[in-house]
Amino acid sequence: MIPKTFKEVIDLGDGREISIETGKLAKQAHGSVVVQSGKCMLLCTVVSNYKQSDVDFLPLTVDYREKFAAAGRYPGGFFKREARPSDGEVLTMRLVDRVLRPLFPKDYHAETQVMIQLMSHDEDVMPDAMAGLAASAAIQLSDFPFECAISEVRVGRVNGEFIINPSRTQLAESDIDMVIGASADSVMMVEGEMDEISEEEMTEAIKAAHEAIKVQCEAQIRLAEAFGKKPTREYEPEVEDAELEKKVHDLTYDKVYEVAKAGSSKHERSTAFDAIKEEVKGTFSEEDLEAFGDLISKYFYKAEKAAVRDLTLNEGLRLDGRKTTEIRPIWCETDYLPSVHGSSIFTRGETQALATVTLGTSREANQIDMPSYEGEETFYLHYNFPPFSTGEARPIRGTSRREVGHGNLAQRALKGMIPADCPYTVRVVSEILESNGSSSMATVCAGTMAIMDAGVKLKKPVSGIAMGLITDVESGKYAVLSDILGDEDHLGDMDFKVTGTADGITACQMDIKVKGLSYEILVKALHQARDGRLHILNHLTDTISEPREDVKDYAPKMVTTRIANEYIGALIGPGGKVIQELQKETGTTIVINEDPVTEEGVVEILGTGTEGINAVLAKIDSITFKPKVGESYKVKVIKMLDFGAVVEYLAAPGNEVLLHVSELAWERTENVSDVVNMGDEFEVKYFGIDSRTRKEKVSRKALLPKPEGYKERAPRNNDNKDRGSRDNRGRDNRNKDRKRD
């Protein structure tokens with residue numbers, strides 16, 4: 001018997017709907033829902049242990065996976081089973097995690113797992129836009145201590161109209177691609193890319209998304225009430241001691257305030273704060289430290305945070321002595337690495353990124369193979385964050401989610417400025433060598449310079465900046481911080497990164513930690529970010545003002561040409577023989593793709609020397625050479641025969657044609673060698689296909705003047721009435737004789 005189900009339907013306003021259903025699947029989970037739009041179905045389950053973990057943070061795991069069966073496909077590779085998550089899945093996990101995590105109580109430390117699975121795919125529905133809705137809806141059906149319902153939507157803009165959760169086809173026409181996460185009251189997360197839009201346009205897009213999110217939050221609440229809202233579970237809260245907190249605050253606040261006001265470097269400041277902490281701990285007995293050591297550390301950090309925030313709000317000063325709008329000192333350099341195709345160093349304060357660019361053919365494109373999307377990227381960026389960049393020693397266990405996310409943000413910031421006709425596949429790698437605040441934005445800046453250093457014709461340079469916000473709800477004071485430090489990221493109320501050209505925003509990422517942030521403050525922060533962006537952009541363009549005229553001498557040159565579909569096989573040769581030998585002889589890389597629209601062959605030739613590239617182009621010209629009727633061509637004799645000479649077109653080596661002995665000269669020619677010899681070069685006229693021989697006909701004599709007194713030979717008379725044809729030869733008479741017998 002099918003169990004009773006509960007369902008809510010959300011109208012997207014344009015004929016599309018999203019349904020949320022529960023009661024049928026995964027009933028042993030603490031909460032489970034199926035979210036469906038069209039044929040796209042997501043199953044989300046949530047479970048949280050009832051016992052608190054022995055850690056001082058929330059061990060929350062958000063896992064998003066796309067099943068290949070959902071799209072009727074097999075996983076690629078040798079093992080036909082889904083394995084490690086793709087970058088696309090990791091990015092969706094991060095989008096959901098960043099909205100959920102702040103809504104759990106700070107003292108809730110139970111192991112919690114949110115699992116979202118794509119079970120059925122629809123080409124017209126992008127599933128990642130519904131992952132946040134699915135996660136929140138499942139939590140609403142659980143007994144977790146969770147503050148309020150949230151949701152996430154993607155917003156696009158086509159022809160000036162905002163579209164909620166656009167299809168991939170609509171997104172291709174959109175100048176905005178943003179995912180917004182919010183509760184009914186507050187926007188909490190923004191991430192996306194744009195086509196150089198203004199700060200006001202970005203704010204309008206966020207507002208449009210927030211209105212749609214409010215409707216989705218209401219649907220979740222109705223579903224939970226219909227299903228039966230569970231009472232919130234009780235859990236063992238952290239021990240608090242108001243008297244101890246006040247003591248630690250009194251011992252800490254003023255000293256931290258003075259260190260923070262001194263404007264020291266990261267290392268000096270960290271050493272000073274550690275010394276204050278040890279001094280505070282020294283005022284307690286060993287018994288107290290053993291009993292309350294964790295609480296003392298917690299209250300110390302709380303007092304430290306309060307002192308640093310108050311310094312900024314009261315005096316407009318920051319940990320390193322800067323004012324709120326001040327950018328740290330910047331220095332840049334390009335062409336630093338002697339053997340790479342393009343390189344740059346960007347250093348801002350205590351953050352440093354070294355970027356490299358590698359140029360390749362379409363064969364080096366990044367292949368994307370997900371159940372919800374198959375394609376390739378001819379521009380992609382990888383970001384590496386080694387532990388030494390922060391002065392730490394820790395194990396390296398593969399690429400972290402953070403590295404995937406930061407690299408994707410920088411890639412989205414830059415990819416719109418790569419020309420559509422760029423012949424290369426471009427790979428940018430950012431190595432973070434120092435980090436104290438926004439290494440992802442340093443990656444954008446270093447990437448811009450490295451791309452221009454490589455000779456890629458970047459449309460416009462792009463810069464990026466990380467901003468912060470400190471607010472005091474009671475007093476109404478707030479401070480927007482330009483170019484934040486790592487410490488300011490942790491203690492602030494908003495961390496937002498904005499990238500763009502001089503003309504508009506190309507990408508953003510925001511995590512808003514304060515409730516009810518006004519759009520007025522958001523717009524002010526975005527405009528302050530623009531000022532900082534332009535300041536940084538000036539440093540980039542002072543270092544390298546425009547892309548280099550050409551690629552480096554040791555970098556590969558790329559030439560792209562097109563050939564008719566009928567010649568692709570000839571260029572490849574049997575078993576690839578022709579193209580392989582050509583690559584070996586010329587020292588080039590040749591890639592042939594078929595244009596899906598015109599069905600032409602698109603030939604990419606990559607080589608470090610122009611001689612090799614020109615040799616390949618000459619070979620292609622030779623293979624695709626088609627003489628025109630009535631035109632004259634210079635040829636060379638390459639073979640002598642009794643009945644003529646084989647000649648080769650000098651403009652197309654390898655293209656041969658027979659010059660018949662009768663076309664050598666107007667006079668009768670007994671021996672071919674009487675007129676031409678091996679290696680002779682002369683011109684011939686092309687007559688096309690001879691109607692009698694069905695072979696190509698060329699003539700030398702047609703370009704020579706007729707001798708004086710020359711008489712044309714009389715044409716053959718094929719009238720069988722006058723003389724028997726060669727095929728009859730009196731056979732008709734023989735047949736008559738046979739009949740008489």
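This briefing covers helix packing, strand pairing and aromatic pairs in the structure above.

The model is predicted, so local features need pLDDT of at least 70 and side-chain atom pairs count only at pLDDT 80 or more, while totals for chains, interfaces and linings use all residues. Residues are numbered from 1 along each chain as its sequence is written, and side-chain values use heavy atoms, with hydrogens and water left out. Helices (H or I, at least four residues) and strands (E, at least two) are DSSP runs, numbered from the N terminus.

**Helix α8 against α9**

- The axes of α8 (residues 401-415) and α9 (residues 439-453) come within 9 Å and cross at roughly 45°.
- Axes are lines fitted to C-alpha atoms, for helices over the stretch in contact; angles run from 0 to 180 degrees between N-to-C directions.
- α8 and α9 are therefore oblique to each other (under 35 degrees is roughly parallel, over 145 roughly antiparallel, 65 to 115 roughly perpendicular, the rest oblique).
- On the α8 side, the contact includes Arg 402, His 406 and Leu 409; on the α9 side, Val 444, Gly 447 and Ile 451 are among the residues met. Contact means heavy atoms within 4.5 Å.
- By class, the contact of α8 with α9 has 7 nonpolar, 6 polar and 1 charged residues. Ala, Val, Leu, Ile, Met, Phe, Trp, Tyr, Cys and Pro count as nonpolar, Asp, Glu, Lys and Arg as charged, and the others, Gly among them, as polar.

**Helix α9 against α11**

- α9 and α11 pack at about 25°, with axes 10 Å apart.
- That angle makes α9 roughly parallel to α11.
- This crossing, of α9 and α11, is right-handed.
- Cys 445, Thr 448 and Met 449 of α9 touch Ile 536, Leu 540 and Thr 543 of α11.
- This contact of α9 with α11 has 4 nonpolar, 2 polar and no charged residues.
- Val 523 is also found in α11 (residues 519-543). Leaving aside neighbours within four places in sequence, Val 523 is in contact with Glu 200 and Thr 203.

- β25 (residues 632-641) and β28 (residues 681-689) run antiparallel, joined by 5 bridges. Two strands pair if DSSP finds at least two bridges between them.
- Lys 634 has Glu 683 in β28 as its bridge partner.
- β28 also pairs with β29 (residues 696-699), antiparallel, over 4 bridges. Lys 685 stands opposite Ser 699 in β29.
- β28 and β29 form a hairpin with 6 residues between them. In its turn, Arg 694 has a positive phi of about 60°.

**Sheet β22-β24-β23**

- This open sheet has 3 strands in that order, with antiparallel pairing.
- The edge strands are β22 (557-563) and β23 (589-594), each pairing on one side only.
- The twist averages 20° from one strand to the next.
- β23 and β24 (residues 601-607) pair over 6 bridges. Asn 593 has Val 602 in β24 as its bridge partner.

**Aromatic pairs**

- The count comes to 10 aromatic pairs. Rings of Phe, Tyr and Trp (its six-membered ring) pair if their centres lie within 6.5 Å; planes under 30 degrees apart are stacked, over 60 edge-to-face, the rest tilted.
- Tyr 108 and Tyr 235 have ring centres 5.1 Å apart and planes at 75°, so the pair is edge-to-face.
- Tyr 108 lies in the loop between α1 (87-100) and β6 (110-120), and Tyr 235 in the loop between α4 (199-227) and α5 (242-261), so the pair ties together parts 127 residues apart in sequence.

Methods:
Left-handed = near helix turned anticlockwise from the far one by under 90°.
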